[in-house]
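Please keep the sequence and the coordinates at hand.

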Amino acid sequence: MNRLSWFNTVSLTLGFAFLYIPMIILIIFSFNESKLVTVWAGFSTKWYGELVQNEAFLDAAWVTVRVAVFSSTLATVLGTAAAYVLVRGGRFFGRTLFSGMIYAPLVMPEVITGLSLLLLFIGIGLDRGILTIVLAHTTFSMCFVSVVVSSRLVTFDQSLEEAALDLGCSSAQAFRLVTLPIIAPAVISGWLLAFTLSLDDLVIASFTSGPSATTLPIKIFSAVRLGVSPEINALSTIMIAVVTVGVVTASLVTKRAMMRQRQDEMAAERAE
Amino acid sequence: MRRAFLIAVPYVWLLALFMVPFFIVLKISLSDTALAIPPYTPTLDLSQGWAGIKEFFSQLDLENFVWLTEDDLYWKAYLSSVKIALISTVLTLIVGYPIAYGMARAPEEWRPTLMMLVILPFWTSFLIRVYAWMGILSEGGYLNQLLLWTGIISTPLTILNTNTAVYIGIVYTYLPFMILPIYSALERMDGSLIEAAEDLGCSRVQAFWLVTIPLSRPGIIAGCFLVMIPVIGEFVIPSLLGGSGTLMIGKVLWEEFFSNRDWPVASAVAVVLLLILIIPIVLFQRNQQKQTEAEQ
C-alpha cells in the first residue's frame, strides 16, 4: 500500500522545491561580489567580513540571544507545569479559562499581544528594555511549550508513574525519576521552539522594547524595508546555518534517546 | 499543596500577562487621545477615592469606535484582511494537502526525514523567509530574469508590492502549519480502509474523496484555523511584500500606534479585531480539545 504514485512523487518534489529554492537562492547570493543582490558578479565572502564589523548588528544579536535564553528557559518551566496541570491536574476551578489562555496565544495576532503587553508595562510603570521583552516572550512561548509537552504527556503510559508510587516513591520522586526522563525529549524540543520563537519575533519585540534594547529582527526589519541587501543575505545565511545545525543535531539526539528507550522497554519485556 | 502551587504559577502568570492586558486595551480604547505621557485621558486617580473612580468612568465613551465606522479606511481594512486570509487559507490548503498526502504515503523510513524537511523552514526566521521573496519577485528579480530568459514574457512583471506577492508570501510562510496537522491525521489513518473501499468498487479517485478526505478532516480544520487566524492580523508580510494598495488591519494598527501615536484608536482597532477573531479562536480551541480528548 505504501507505494508512491506519480502524483505523490510530483507533489512532494514540487512542494519541497517551493519550500527550499527561495532559501537556496538567498544563500547563493550572499556570496555575491556585487552590491546589486540580483545580479551575479562572482564569488566573494566580503559581505560576511562587513557583517562582523557591523557593531549595531552585533549588539542587537547579543541582546536577542540573551532575551531568547532567559525567556525560553522560563517558558519551559512554566509551560511544562501548565501541561502537567492540564493533562494530569484533574478538575479545578477555572480549568476552561486556563486551557483557553494556553491555546489562544497560539493563534493570537502578534500586533494585539504586543500592543496589550506594552500598555500593561506602561500602566505599571515598567521601563521598556530587555526585561519587558523577556516577560512578553515568555508569555507567548510558554503556551507553545505547553502544547508540545502535553502532546507527549497524553501518549504516556500512566501506569509507570503509578508503579513508581507503589514501589515507595514520593510524587516528587516519581516525577523526577520516571515522568521527567520520559517527557524529556518533548521538554527539550519545547525549549528549542521557545528559543527560536524568541529569536524570530519582530512584532512583539517592537512593541515591548525600548531604545536601550534593540533586537536583531528589529534591526533586520528596518534594513530590509529599504530593499534587498547583500549584508542581510549574509546574516540570513548564518542564521539559517545555525538553525539547520541545531535542528538536525536535536533530532538526532532525540532519535537516539527514543531508540535507547525502546531498547530498554524491550529488555524489560524479555526480563519478564 | 504542591498541586495548588503547580496550578497557580502558570495560571497567575497568564492572567497577569495575557488576560489583564486585554482589559487595559479595552479601557484605553474607550479613552480620548491627549497630548500627554501616556498619550490618552482619563487616567485613574485613586488618591481622590470614590469620586476619582466615578470621574474616571464618566469620561470613558465609545467615540473611537464611532470613528472606526465613520472613516471607511478601517472597515475596508478589516474586510480586505478577512478576504486575504480566506483566499490564502484555501491556497495553502491546495498547496499543502498533496504534500501532506505524499508524506503519509511515503515509505515509513523516509517519513522522519520528510517531516524534518517540513519543520526546518518553520524553525528558520519568519522575517528571513519573507525577505527571500523580495529578491525573487522584484522587477529585476530572479523570477523575472528567468521568465525573460526563457522568453515566456518580454517585459518584466510587477509582482512585488502587489497582493499577489502577499498571497505567495503567506502560502510560503504558513505552509508547515497546514502540512503538519493534515499529515498527522493522514498518518494515523488505517490503509486497509482504502483497500476496502477499492474492493467494494470505488475507483482510486472515489476512494480518495469518500474515505481519505473525510478521515483527514480534523487535520484540515486545524490547519485552516492555524493559517487563517494569524493571517488576519498579519503585519510583516503586507508591509514587506504588499504595496500601498494592500490594506490589512495589522498594518493599520501598527501605523496608528507607531506613526500617528494615537493609542486610543490603535486600541479600538485591536478590540474590534479581537471581536472578529473570537469566533474562529473558540472554534479552534473546541477542535483542539476534542482531538486531545479523543487521543486520551
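Are α11(A) and α5(B) parallel, perpendicular or oblique to each other? This is a predicted model, in which local features need pLDDT of at least 70, side-chain atom pairs count only at pLDDT 80 or more, and totals for chains, interfaces and linings use all residues. Residues are numbered from 1 along each chain as its sequence is written, while chains are lettered from A and ligands numbered from 1 in the order in which they are written.

The axes of α11(A) and helix α5 (residues 111–123) of chain B cross at roughly 135° and come within 10 Å. The two helices are therefore oblique to each other. Angles under 35 degrees count as roughly parallel, over 145 as roughly antiparallel, 65 to 115 as roughly perpendicular and the rest as oblique. Axes here are lines fitted to C-alpha atoms, for helices over the stretch in contact, with angles from 0 to 180 degrees between N-to-C directions. The helices themselves are DSSP runs (H or I, at least four residues), as are strands (E, at least two), numbered from the N terminus. α11(A) passes α5(B) in a right-handed crossing, that is, with the near helix turned clockwise from the far one by less than a right angle, left-handed being anticlockwise. From α11(A), the contact takes A:Val243, A:Thr244, A:Val247 and A:Ser251, and from α5(B) it takes B:Met116, B:Leu120 and B:Trp123. By class these are 5 nonpolar, 2 polar and no charged residues. Ala, Val, Leu, Ile, Met, Phe, Trp, Tyr, Cys and Pro count as nonpolar, Asp, Glu, Lys and Arg as charged, and the others, Gly among them, as polar.

Next comes the interface as a whole. Chain A gives 63 residues to the contact and chain B gives 75 residues, two residues being in contact if their C-beta atoms, placed from the backbone, lie within 7 Å. Elements of chain A that give two or more residues to its side include α1 (6–28), α8 (171–200) and α11 (230–271). That side of chain A has 46 nonpolar, 15 polar and 2 charged residues.

A:Asn8 is found in helix α1 of chain A. Leaving aside neighbours within four places in sequence, A:Asn8 is in contact with B:Tyr101, B:Gly102 and B:Arg105. A:Asn8 has 18 other C-beta atoms within 10 Å and is partly exposed; a residue is buried with 20 or more such atoms, exposed with 12 or fewer, and partly exposed in between, C-beta atoms being placed from the backbone.

Within chain A, the axes of helix α3 (residues 55–88) and helix α6 (residues 130–154) come within 5 Å and cross at roughly 40°. That makes α3(A) oblique to α6(A).

Chain B has 14 helices and 2 strands. Its radius of gyration is 24 Å, well over the 19 Å that the globule rule gives for 296 residues, so chain B is more spread out than a compact globule. The radius is taken over C-alpha atoms, and the rule is 2.2 Å times the number of residues to the power 0.38. Of the 296 residues of chain B, 43% count as buried.

Two loop residues of chain B remain. B:Asn161, between α7 (142–150) and α8 (163–188), has a positive phi of about 65°. B:Arg261, between α13 (249–258) and α14 (263–295), has a positive phi near 50°. Most residues other than glycine have a negative phi. B:Asn161 is partly exposed, with 19 C-beta neighbours inside 10 Å, whereas B:Arg261, with 12, counts as exposed.
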